[in-house]
Each structure stands twice: as structure tokens, then as C-alpha cells.
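I opened my notebook for a friendly walk through this model. Here is what I looked up, entry by entry.

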Amino acid sequence: WSQVVSEAERIVGYPASFMSLRCLLSDELSNIALQVRKLVGTRHPLLDTARGFVYDSRNNLQMRGLIVLLISKAAGPSTADLSFQHNMVSGIYSSQRSLAEITELIHTAFLVHRGIVNIGELKSCDGPLKDMQFGNKMAVLSGDFLLANACTSLAQLQNTKLAQLQVWLVSSLSLFHCQENCLTDDIGISTWKEQVFLSHSALLAKSCQAAMELAKHGAEIQDMAFQYGKHMSMSHKLHSDLQPFVKESSGDTTAFSLNSAPAVLHQEFLGREAWIKQIRELQEAIKAGKGVTSAIDLCRSHGNRALAALELFPASEARDTLANIVYAVTRFP
């Protein structure tokens with residue numbers, strides 16, 4: 001994965017760490033960072049989110065912006081309008097680079113907002129109640145600040161057809177996000193797909209589509225860009241869900257979500273009542289059941305659909321790297 005990311009950065013001529021650097025170094029966010037320091041010594045998730053901005057061992061934080069840049073370069077300029085090619089650097093329009101930064105900004109806001117904790121479920125070891133309440137306020141305010149910056153930057157692109165992305169941006173505040181380690185209502189894989197699309201894949205899919213609109217490409221290539229973004233992101237989420245179950249170490253006790261794809265698929269095969277009975281032995285049961293193999297198949301299915309969407313794009317290093325990103329998230333031991 002690290003090799004794929006490095007190759008992508010070389011092709012687009014844009015280090016991933018620059019994506020949201022302008023906003024993260026702003027005076028407003030610097031003041032927020034000073035306030036977040038007050039949470040040191042507590043277990044508020046906003047601290048982990050902040051650490052992730054500085055260091056992320058899985059190289060996931062800037063993936064979305066890189067993909068927007070790669071698919072912009074893979075598509076190239078539209079033959080419908082060659083008059084503004086002078087704005088291109090390394091085969092990418094300046095507006096598309098701005099869109100990549102906006103995409104990262106929206107995702108960062110999502111991560112910050114996701115750090116809000118349920119005050120009613122706190123334990124004494126989590127930290128003083130007033131500090132946790134303060135952390136929630138900071139998560140809301142700083143997330144809103146990032147979203148406001150994203151809205152302003154979208155408006156500055158002066159393209160009315162990007163309104164769909166802005167509508168998604170606003171509606172994302174009311175999306176339902178499952179609790180990571182809580183048993184939810186009986187959901188099937190179709191409901192899981194819908195929730196994952198809304199909370200993870202829609203942003204990348206619509207950003208890829210918007211990048212084609214900015215280059216004045218037609219409806220067909222816009223749809224293929226959307227399909228690549230959607231299915232690549234679905235594969236990426238499935239790959240992440242599968243990690244606790246496919247790691248070679250049998251003694252690995254990595255935490256996993258009860259709403260992850262292997263767990264949901266395992267529940268479908270097993271039945272709800274038997275699923276509840278097995279809850280205490282869940283991880284080993286899923287490893288031995290059909291949920292893992294089915295989730296791997298589903299991951300590869302979305303990966304193949306993402307690859308199929310790339311066939312419309314001309315052969316290039318950028319297209320090859322977009323394919324390599326898919327290969328990286330569909331490969332399992």
C-alpha cells in the first residue's frame with residue numbers, strides 16, 4: 001500500500017501531506033489545537049483523531065484526494081474545450097487540485113465529527129465529565145469549521161453542477177453512523193452496503209465525478225469516474241473490515257466492529273438467534289464461517305467493477321496506478 005501511495009504521489013506531483021495542510025495550519029485551527037490539548041489525560045476520541053492528522057501508519061488519511069488527482073490525470077483534458085489547458089500542471093487542472101483538497105477537508109470534518117462520545121455511556125476511567133463534554137463541543141465546532149471552509153472553497157470553483165457535492169456535504173451531518181462495538185438491529189448486507197455508501201463511498205464517488213465535470217468531460221466518462229470512486233471505496237472499506245479476520249497470527253486479538261461486513265454476512269448465514277448466542281465467541285466463529293470468504297468475494301467484486309470503470313480511460317501511468325490501488329485493497333493472504 002505504501003508503495004502504491006508513493007507512486008501515486010510521484011505521478012500527480014503532489015505529496016499527500018499537502019492536501020489539507022493549508023487549512024490545518026490556519027490560525028483558526030491552530031487555536032482549536034490549543035484547546036484540544038486540554039483533553040490530554042482523557043480518553044476522548046478527538047485526541048486519537050488529532051494524532052492521526054500527524055501520523056497515520058496505514059496511509060489512509062489522504063487517499064481520497066490522491067484518487068481525485070489520479071483520475072483527473074487519467075482522463076486528461078476534454079476534447080470539447082481545449083481553451084483552458086494552460087491552467088494544467090502535470091496534466092491536472094488547478095480546479096481539480098482544489099477539489100482534491102476540498103475532498104480531504106470534508107473527510108477530515110467527518111472524522112472529527114465522528115469523535116463525539118455518548119456522555120451517558122462514560123466510565124470513570126475515561127476522564128472527568130466536564131472534560132469529555134468540552135471534547136464533544138470541540139468536535140462539533142471544529143468539524144463545523146472544516147465543513148464551512150469546504151463549502152466556501154466549493155463555491156469558489158464557480159461551477160453550479162457541483163451543487164450535488166455540496167448538498168451531500170450538508171446532508172452528511174445527519175447521516176446515521178453505527179456504533180463501532182455495539183450490536184445493532186438485525187441488518188442485512190444490502191442495508192450494510194447502503195450505510196457504507198452514504199458514510200464512506202459517496203464522497204469519493206461524487207468527487208471523482210466532479211473532477212470530470214471540471215474538465216468538461218461528458219456524461220459517460222463522468223459516470224465511469226463515479227463508478228470507480230464508489231466501488232474502489234467500497235473495496236477499501238471491506239478490506240479494512242476484513243483485517244481482524246484474515247491476519248495470519250492466530251493469537252491476534254485486534255478489535256473489530258459488530259457491524260463490519262464479515263459479521264453482517266456471518267449473521268445472515270447463521271440466523272439472528274444463533275448469532276446472539278455466539279456473541280461472546282464472535283471473532284473465532286466468523287473466522288470459521290462463511291462471512292469472511294463472502295466478504296473477500298464482495299471486496300473483489302467491487303474491485304473488479306472499479307477496474308471495469310477504468311477501461312474507458314486512455315492508457316497511462318495514472319490509470320495504471322488507479323488500478324494498482326484497487327489491487328492493493330483486494331489482495332488477501
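Is Ser90 buried, partly exposed or exposed? I found Ser90 partly exposed, because its relative accessible area is 39% (buried means under 20%, exposed over 50%, partly exposed in between, with a 1.4 Å probe and protein chains only).

**Ground rules.** I noted that this is a predicted model, where local features need pLDDT of at least 70 and side-chain atom pairs count only at pLDDT 80 or more, while totals for chains, interfaces and linings use all residues. Residues are numbered from 1 along each chain as its sequence is written, and side-chain values use heavy atoms, with hydrogens and water left out.

**Entry: positive phi.** I kept one background point in mind: most residues other than glycine have a negative phi. Ser90 is not a glycine, yet has a positive phi of about 55°. I placed Ser90 in the loop between β1 (88–89) and β2 (helices are DSSP runs of H or I with at least four residues, strands are runs of E with at least two, and both are numbered from the N terminus). Lys216 is another non-glycine with a positive phi, here about 65°. I found Lys216 in the loop between α9 and α10. Lys216 counts as partly exposed because its relative accessible area is 42%.

**Entry: helix α5.** How far apart are the end C-alpha atoms of α5? I read 18 Å, and this agrees with the 18 Å that the 13 residues (63–75) should span at 1.5 Å a residue (the expected span is 1.5 Å times one less than the number of residues). α5 is mostly covered, with 12 of its 13 residues buried. Among them I listed Met63, Arg64, Leu66, Ile71 and Ala75. The buried residues of α5 pack against α1 (2–12), β2 (92–93), α6 (94–113), α9 (189–214), α10 (219–246) and α15 (317–329). Just after α5, I saw that Gly76 takes a positive phi of about 70°.

**Entry: α6 with α9.** I looked up how these two helices sit: they pack at an angle of about 165°, with their axes 10 Å apart (axes are lines fitted to C-alpha atoms over the stretch in contact, and angles run from 0 to 180 degrees between N-to-C directions). α6 and α9 are therefore roughly antiparallel (under 35 degrees counts as roughly parallel, over 145 as roughly antiparallel, 65 to 115 as roughly perpendicular and the rest as oblique). The contact includes Leu99, Ile106 and Phe110 of α6 and Leu203, Ala210 and Leu214 of α9 (contact means heavy atoms within 4.5 Å).

**Entry: Ser95.** Ser95 is found in α6, and is buried because its relative accessible area is 18%. Leaving aside neighbours within four places in sequence, I found Ser95 in contact with Leu157 and Leu214.

**Entry: α11 with α14.** Helix α11 (261–270) and helix α14 (291–310) pack at an angle of about 120°, with their axes 8 Å apart. α11 and α14 are therefore oblique to each other. I wrote down Pro262, Leu265 and Phe269 of α11 and Val292 and Ala295 of α14 as being among the contact residues. The residues of this contact divide into six nonpolar, three polar and no charged.

Terms used:
Ala, Val, Leu, Ile, Met, Phe, Trp, Tyr, Cys and Pro count as nonpolar, Asp, Glu, Lys and Arg as charged, and the others, Gly among them, as polar.
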